[in-house]
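Please look through the sequence and the model shown here, and keep both in view while reading the explanation that follows.

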Amino acid sequence: MTSRVLIVEDERDLAGLLALNLQQESLDVRVVHDGRDAIPMIQSWAPDLVILDLMLPGMNGFEVLRRIRAYSTDLPVIILSARGEEQDKIRGFRLDADQYVTKPFGLLELLERVHALLRRAARAEGDRGERKEAMRFGNVTVDAAARTVCRDGVAVALSPKAFDLLLALVRREGRVATRMELLREVWGYGPLVLSRTVDSHIAELRRKVEIDAAEPRHVLTVHRIGYRFDRG
């Protein structure tokens, strides 16, 4: 089945160029030029990935992303923007953008990012289709197939990236993961993602799954290297 990509971009020449190149990659592509049209298109067409500009007429990209995440926590989103300031990137990642690409950008690199996210989404769908035994540590239960976490039998709300980060650590069974490894595995493409993004999601995990976030027993820091998981 052909993967679907929605481009939300008001620069018509750029949107047309992106659409042409993605179609040459055997992808099904649609384009909207106004932020207000993005959510209705997502709901009616069900794309597999969204490329999202920030400076849009009608509704800015941050608000579009917030509404996307209210509708779907799993839909991959690549922010594509001329706004390259650190605070904009941090805001985008806190709203659970999968990647943040600044203009001007390399077309081949963007295409590879698109394919990487589509492959990751396909693997996640496969995991959901294959029911696996829940993982347990301490008073926490993690169901990878259902993408749920419970602590003392009560559901814990984790952001999509924090959940993926938890899985990446748990599946290593105590082996250390560097920040760069986690950036590549969870965010799909490491070098341009801020390393503090990992740290902020680790902090969220500790608040949600540790008895005492200040004295973690399971999500542990390995000084100057990264993190590791301990069942405790």
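Which residues are buried in helix 4 (residues 86-94)? They are Asp88, Lys89, Ile90, Gly92 and Phe93, where buried means under 20% relative accessible area, with a 1.4 Å probe and protein chains only, and where helices (H or I, at least four residues) and strands (E, at least two) are DSSP runs numbered from the N terminus. This is a predicted model, in which local features need pLDDT of at least 70, side-chain atom pairs count only at pLDDT 80 or more, and totals for chains, interfaces and linings use all residues. Residues are numbered from 1 along each chain as its sequence is written, and side-chain values use heavy atoms, with hydrogens and water left out. Helix 4 is followed by Asp96, whose phi is positive, near 70°.

A search of the whole structure finds two aromatic pairs, that is, rings of Phe, Tyr and Trp (its six-membered ring) with centres within 6.5 Å, counted as stacked if the planes are under 30 degrees apart, as edge-to-face if over 60 and as tilted otherwise. Phe93 and Tyr100 form a tilted pair, 6.5 Å centre to centre with 50° between the planes, and both Phe93 and Tyr100 are buried. Phe137 and Phe229 form an edge-to-face pair, at 4.8 Å centre to centre and 80° between the planes. This pair links distant parts of the chain, since Phe137 lies in strand 6 (residues 135-137) and Phe229 in strand 12 (residues 226-229), 92 residues apart. Phe137 is buried, with a relative accessible area of 2%, and Phe229 is buried, with a relative accessible area of 2%.

Notes
Buried < 20%, exposed > 50% of the residue type's maximum accessible area, 1.4 Å probe, protein only.
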